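I opened the notebook to look up a few spots in this model. My notes follow in the order I took them.

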Amino acid sequence: MHAEEISQSFEATFLEHWPRVYGFLLRLVGDHAEAEDLALETFMRLYQRPPSNDQPLNVGGWLHRVAANLGLNAIRSWKRRQRYELETGARALTGAPANSPAELFTTEEEHRLVRQILSQMNPRQSQLLILRHSGMAYREIAEALGLSATSLGPLLLRAETEFERRYRLANPEEEV
Amino acid sequence: MKHLTDGQLRAYLDGELDEEQKEHLTGCPVCQANLPAIRGATLRAGQKLNFLSIQPEGGKSKELAPYPALARFKSRLIDKKETTMFKKILGSRALWIGVAAVIVLVVAFSVSPVRSFAGQFLGLFRVQQVSVIPIDTTGISQLNGDSALGKQIGQLLSSSVKITQKPGQPQSAASAEEASQLAGFTVRLPGAQAVAPQLTVQGSTAFSFVVDRARAQALLDESGHKDLVLPASLNGATIDVNIPASVAAAYGNCPKPDTNGEGPNLKMNGSAGRRYADCVILAQIPSPTVNTPPDVNLEQLAEIGLQFTGMTPEQAHAFSQNVDWTSSLVIPIPKNAATYQQVNVDGVTGTLIQRPVDDAPEYALIWVKNGVIYAISGLGSDSAKAIDMAKAMP
């Protein structure tokens, strides 16, 4: 296998979409090395298993969907590593006076908890939350996930409600 | 117009309502009254999730730009191809005997007989008999290709293995004579069988690898074996492996050889077990050879390998004393999940291994004669079939 066998059109797609896919994963997993690894894997999937040609492809949406999946899988695999840290955080919260728990949670710890909740939710719901809250428009999300744009409002509301429920369960003391 | 649903109100907050709906909302007190609750829920979730849209601090400076990223992508692509090729060789059923030889390679050269060839440049391993080693597989189960450790091992192999001869596609043969011609050795088939076998010939393979001690040690450390230290002499050693062509003879209703280069492969799960219950496969392959520099102190390595499979240092030492490593094919079998016994077949002593699992029992009979390794394997518990077949060898 020689590097130059990669087609020019694939290279152009790679160069065009890399910054967004990489940035998206960086925000999702919060670590440069991991984001890079996952972004490379995302493009590897595109290279090896390109989506079918039956319909015109929204490459950006496809890449974001695959990236969200890979990111969620990665977060899930941190679970064991992070359980201890999360338990420590939760203990600090439950033992704290009710008026100041939020202060105990540093931003990074909170992000970690949010990531973990996302990784435990129904994958479809977490994908939706991730894509929407990373700034994608309904039309883009709908194409990426194969949904109709008009269904997104209800689905988002349901996903956000479920997210909030889980967040409260993990943090019973905090006023969400 | 109907009142807006909660979902539509949610879409409104993202500016995703159509004009008609927006107009309705402006003039409808009922919908207006519902809006604050939805807005509250959205804001609360949004507060927690908004970091997904914000570039982390110092992000830009560490960010990998598109062109360097593309270069990394290309090199990963090459790595992946080579790993796949290696896996293909490793995954080939017809070659599993040779692979087992490679697995025990570390063990094979450890002991004094090899090092006593003072004037010889290379140690050489050739199979003359079979030994079985019961191992605790719990420590090894983490080595599958999907685990982080498995991936690292794959990468280590792909970056240090050079395939000098690719195995090619398996070819079918109409008769033992044709198979012999294709494989380059005399293929023996048992007489008096009710059906003619499907013969598949898998071409020969050769590869060599250069040991990167630091990386191999890092993997051992990571697998929780920090106590096992690889000898410094191992670094840079080149090991050459030659696996000759092999022939598989499939009797009964057997799975077809895969087109991706694998020979007939019995998947051992329950339904396949019933489907291929009468399938028996006789595989034969001249002994693989493995060359390694004699100055590498592999005795330590052998015992490290044995300890990795769950033995204590004392057990590993005792075991390694009892095997002639220069000529034995050592087959690891799962402790408590398989039994083995010696049987007389084809004029030599063979080893019958049985896995008495309830839903999918299986057996394999292995022996070595005149430098050729023979293995008969099948599903079910009727291992007498294998013995009868071996006794009918010409």
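**Entry 1**

I began with Ile75(A), which sits in helix α3, residues 59-77 of chain A. I kept in mind that this is a predicted model. Is Ile75(A) buried or exposed? Its relative accessible area is 1%, so I logged Ile75(A) as buried; the cut-off for buried is under 20%.

Next I asked which residues Ile75(A) is in contact with, leaving aside neighbours within four places in sequence. I found Leu28(A), Val29(A), Arg115(A), Gln116(A) and Ser119(A). I checked one of these partners by distance. Ile75(A) and Arg115(A) are 40 residues apart in sequence, yet their C-alpha atoms are 6.8 Å apart in space.

**Entry 2: Gln116**

Gln116(A) was on the contact list of Ile75(A), and I followed it up. I placed Gln116(A) in helix α6, residues 107-120 of chain A. Its relative accessibility is 8%, so Gln116(A) counts as buried too. I also looked at Ser77(A). From Gln116(A) to Ser77(A) I read 9.9 Å, C-alpha to C-alpha, across 39 residues of sequence.

**Entry 3: chain A as a whole**

I stepped back to the whole chain. How many helices and strands does chain A have? I counted nine helices and zero strands. Read along the sequence, the pattern is α-α-α-α-α-α-α-α-α. Chain A has 176 residues, and 51% of them count as buried. I then took the contacts in chain A between residues at least 6 apart in sequence. Of these, 65% join residues at least 24 apart.

**Entry 4: α7 against α9**

I turned to helix packing. The axes of α7(A) and α9(A) are 9 Å apart, and the packing angle is about 105 degrees. The two helices are therefore roughly perpendicular to each other.

I listed the residues that meet. From α7(A) come Gln125(A), Leu128(A), Leu129(A), Arg132(A) and His133(A). From α9(A) come Leu152(A), Leu155(A), Leu156(A), Arg158(A), Ala159(A), Glu160(A), Glu162(A) and Phe163(A). I sorted this contact into seven nonpolar, two polar and four charged residues.

**Entry 5: α8 against α9**

I repeated the check for α8(A), residues 138-145, against α9(A), residues 152-170. Their axes come within 11 Å and cross at roughly 85 degrees. α8(A) and α9(A) are therefore roughly perpendicular to each other as well.

Which residues meet here? On the α8(A) side I noted Tyr138(A), Ile141(A) and Ala142(A). On the α9(A) side I noted Leu152(A), Gly153(A) and Leu156(A). The contact divides into five nonpolar residues, one polar and no charged.

**Entry 6: Arg132**

Arg132(A) had come up in the α7(A) contact with α9(A). I placed Arg132(A) in helix α7, residues 123-133 of chain A. Is this arginine buried or exposed? Arg132(A) counts as buried, because its relative accessibility is 18% and the limit for buried is 20%.

I then looked at its side chain. A polar atom of the Arg132(A) side chain lies 2.9 Å from the backbone oxygen of Met136(A). Beyond four places in sequence, I found Arg132(A) in contact with Tyr138(A), Ile141(A), Leu156(A) and Asp14(B).

**Entry 7: two positive phi values in chain B**

I moved to chain B and looked up Asp346(B). It is not a glycine, but its phi is positive, about 50 degrees. Asp346(B) lies in the loop between β12 (339-345) and β13 (348-355) of chain B. At 10% relative accessibility, Asp346(B) counts as buried.

Asn370(B) also has a positive phi of about 50 degrees without being a glycine. I found Asn370(B) in the loop between β14 (362-369) and β15 (372-379) of chain B. Asn370(B) is exposed, with a relative accessible area of 74%.

**Entry 8: confidence**

The complex gets an ipTM of 0.78 and a pTM of 0.48. For chain B the mean pLDDT is 71, and 62% of residues reach 70 or more. Which element of chain B has the lowest mean pLDDT? I noted helix α8 (residues 112-115) of chain B, at 28. Helix α1 (residues 6-13) of chain B has the highest, at 93.

Residues 139-146 of chain B have pLDDT below 50, with 15 contacts in the model beyond near neighbours in sequence. Over residues 258-273 of chain B, pLDDT stays under 50 as well. For that stretch I noted 41 contacts beyond four places in sequence. Where pLDDT is low, the predicted coordinates should not be read in detail.

Key:
Residues are numbered from 1 along each chain as its sequence is written. Chains are lettered from A and ligands numbered from 1 in the order in which they are written. This is a predicted model: local features need pLDDT of at least 70, side-chain atom pairs count only at pLDDT 80 or more; totals for chains, interfaces and linings use all residues. Side-chain values use heavy atoms; hydrogens and water are left out. Axes are lines fitted to C-alpha atoms, for helices over the stretch in contact, and angles run from 0 to 180 degrees between N-to-C directions. Helices (H or I, at least four residues) and strands (E, at least two) are DSSP runs, numbered from the N terminus. Angles under 35 degrees count as roughly parallel, over 145 as roughly antiparallel, 65 to 115 as roughly perpendicular and the rest as oblique. Contact means heavy atoms within 4.5 Å. Ala, Val, Leu, Ile, Met, Phe, Trp, Tyr, Cys and Pro count as nonpolar, Asp, Glu, Lys and Arg as charged, and the others, Gly among them, as polar. Buried means under 20% relative accessible area, exposed over 50%, partly exposed in between (1.4 Å probe, protein chains only). A polar contact is a pair of N or O atoms within 3.5 Å; within protein, one must be able to donate a hydrogen and the other to accept it, and residues adjacent in sequence count only if both atoms are side-chain atoms. pLDDT is the predictor's confidence in each residue, from 0 to 100.
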